[in-house]
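Please walk through this structure with a focus on selected residues and their charged partners.

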Amino acid sequence: MAKTASRQKDPAKTLEDQLARYREMRDFNVTAEPRGSKDAVQSASHKHGPLPFVVQKHAATRLHYDFRLAWNGVLKSWAIAKGPSDLPADKRLAVQVEDHPIEYGNFEGTIPKGQYGGGSVMLWDFGEWEPVYEDVDRALAEGHLKFDLKGQKMKGRWALVRMNTHDARPGKPNWLLIKDRDEFARTEDQPNITDRYPDSAVTSRTIDQIGKDSDRVWHSNRAPDQQPEATNPTAPRKKTKSKPSFAAALKSVPKEKFPSFIPPQLAKASTAPPSSGDWVHELKLDGYRIQIQIRPRDGSHKKRVSLLTRKGLDWTHRMPDLARAAEELPCDSAVLDGETVALDEKGATSFADLQAAFQESAKVHLNYFAFDLLHLDGHNLRNLPLSERKDLLEKLLAPLDKESPIRYSEHFKGDGKDIFSKACSLGAEGIVSKLASAPYVSTRDSAWIKSKCFQEQEFVIGGFTDPSNGSTGIGALLIGYYDKGKLHYAGRSGTGFTQKTQHTLHTQLNKLVQPKTPFVDLPKGVSRGVHWVKPNLVGQISFSNWTRDNLVRQAAFKGLREDKPAKEVLRESAEPLESTNSSNPQPAKSASESKSGRRADTTSKTVTAFASKTASASKTSLPLTHPEKILDPESGMTKLMLANYNLAVADHMLPHVADRPLSIVRCPEGIGKPCFFQKHIGMGLPPGIRSVPVPDKKGGPTEQYVTLNSPDGLVGLAQMGVLEIHPWGSKNESLEKPDRIIFDLDPDEAIEWKTLAATAIELRSRLENLNLKSFVKTTGGKGLHVVVPIRAENEWPVIKEFAHDVVLGIEKKNPGLYVTKMTKALRKNRIYLDYLRNDRGSTAVAPYSTRARSGAPVALPLNWKELGAKIRPAFHVTDFDSWKRRLNTDPWAEMGKLKQRLTAKAIRDARS
């Protein structure tokens, strides 16, 4: 691929020739459309650097898409009636039209009907293009141009191929736009790119909304000075507040030339926030630290906006809507410090959505929370107290429309400990405490202190493993941090990947593979099956804690960090408050201590002590609120008893629920009171409860499902009053390919236990004939589940059809006893063989989970021999002491070691 395509030495010389046809079609005594200027040519014709492209969706006489590539100072243009297709088998007709001026690529708005090109125009996509071969002019002349696109929607390699046809209109040759077969190509079962992303790439508006808004109208019968200014489709369109005056406030503030990039002030990590003193507290946001610089353009009144990362990288082109919104700030010049975030439907920050916006061009609305003001209208504010800087910042942002993506970051005064506790209960990442009287300094010092609700930091990626199921992707990342210039091993992160991030990461890491490990202290036995990579990529990783061996536990991948060099990734360590040399003399206390500190501490100790009765049980120090609350009036089970039970069985339950989407049954007021199912993540979830993005197969928005992978997560469920845990039959890393087949044997009340047990044994025998080993468990009710572990190789429809065929074979042998249809009227005196648990989104109660039924029964794995018991086995939380010895001989222990496959032969045999 050509790094820099050859351009003509002076593209401005050819401007007249290239735009001649465009100008012939227009009467510039009537129309104010751009003639094309040399200034625009020069700005778009750098000898080095990227070339812009744009796709405009145009609802003129007929809806079509205008595909435009900047070359030699103009936009080479093609009209595509059906729009581009990212399916390589599609070859979309692209009619070449006249070259357009560079200025045309900025327009989103309306051209009045009756005028040339009348209708609505959408900026459907934009970005950079790079030709594959050096001589673009020759490629255009010969009719075969290959190029790579880096757009918001169109990505990867494409080709334009001219057709040798005689039916083309004079001066408008027919070409074909074809997508190459690469990682960005879609499959035939996916909707086309124009259907997946129908709206504007800069304003998220539909073509109808653009027409109704009429915020930019190109009138061909107006003079140039009456036309709208340069395109600004994302700027707030309503200004109802007057511009504030800062003259009095800035009178005694020193002046300065507009500064270059200002390195950000950073916060020290602390084990607890300050409780008193001259402090204000802000929510810690899960996003990208961004400095907004606003300065007037040289020689004009129009502002120039730059969005810079914490290392000074210019990301303006990646957040055009924020840049345009910043132009609306009522000032001549300013420098703002803040965080760019993606907010979910609950108003919480989502780093996964933020990553999708930057790396996958997902349609995500970004917001910028400004928390500091460093420069304003030629004055240096950095030596002012924080309280004064924030007053000026709030005044600066006040006139913005309420729909502006730029927002003021509120702060709170009071006891930092109480504010921190409240922030954690709302699901926030933590808080940042700042001395209100302190100036802004470009370093990490104790005037800013961060307190985290959970462990999270950047790590360098030094290697990866393949998935255990043999598919392409990431099994686990090997991560580390630098200390004195050397990369130290910190463990593995094997969860948190979506299908999209698996693919993206695998592609990026494959380009960095090297033969030797980059770590200096790799433990023995770790290198087996690892692909070592150059330590260039940085990942955001959340984890439960550090082990004594300096390794992270329960590490989950959240996304790549592009804003921090790998060499600067160090191990973060929180210090007691008195070690931060701050002005707050308060002694350090546990970050998890609540307002009623003694009671919360006693609760967490009780939970840990109970769990220690079982040798293999995990530990936690999470506090519970209202631990004495009775969740089951019949047995007297309290919230604390439920938390203790979940901890005691955590090592046995987690292999069956960890890193899977979950549906949970919450009974906040206990059994007998209203309960409800929940599968989506929400605000106020305890630590340990995480989210996994689950795409909607019907084309709807991706939804965030509840998931977990730690004992803390199970305690968090108890805190929420969760009495049932229902996992998917597939894992987060391979949502569409289940690794469990579940048969639910649901008997009518008239069916005896021995008949149900015999049915389970018959099903086991039928599965063994198909070379599949199965396991059995109680459901906490009257039924049984027979579970078959398999490699995650087949998609849901295959698994569902196989399960259906298996139960149909049993029903056929004895239709008087068995039924496979869920109609309740047919199930009287029969056993319902439910195969529908094997459908995407369906779930089954987890082993060791409690049930939301009187007595708090438990679903428990059984040994097959136990089906010979005379009475139905039953287990409860309150009689745990009588059956906890079962944890020493788990009948499902072998399940995780099996690598059995659902073969094509087994599928065929099940049908016979």
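Buried means under 20% relative accessible area, exposed over 50%, and partly exposed in between (1.4 Å probe, protein chains only). This is a predicted model, in which local features need pLDDT of at least 70, side-chain atom pairs count only at pLDDT 80 or more, and totals for chains, interfaces and linings use all residues. Residues are numbered from 1 along each chain as its sequence is written, and side-chain values use heavy atoms, with hydrogens and water left out.

Start with the salt bridges, each a side-chain nitrogen of Lys or Arg within 4 Å of a carboxyl oxygen of Asp or Glu. The structure holds 40 of these salt bridges. One joins Arg-157 to Asp-148 at 3.0 Å, N to O. Asp-148 is buried at 11% relative accessible area, whereas Arg-157 is partly exposed at 23%.

Another salt bridge pairs Asp-286 with Lys-558 at 2.5 Å, N to O. This pair links distant parts of the chain, 272 residues apart: Asp-286 lies in the loop between β11 (279–283) and β12 (288–296), and Lys-558 in strand β27 (residues 555–561). Helices (H or I, at least four residues) and strands (E, at least two) are DSSP runs, numbered from the N terminus. Asp-286 is buried, with a relative accessible area of 6%. Lys-558 is partly exposed at 23%.

Now turn to Asp-834, in strand β39 (residues 831–834). Asp-834 is buried at 9% relative accessible area. Contact means heavy atoms within 4.5 Å. Leaving aside residues up to four places away in sequence, Asp-834 touches Ile-742, Phe-743 and Asp-744.
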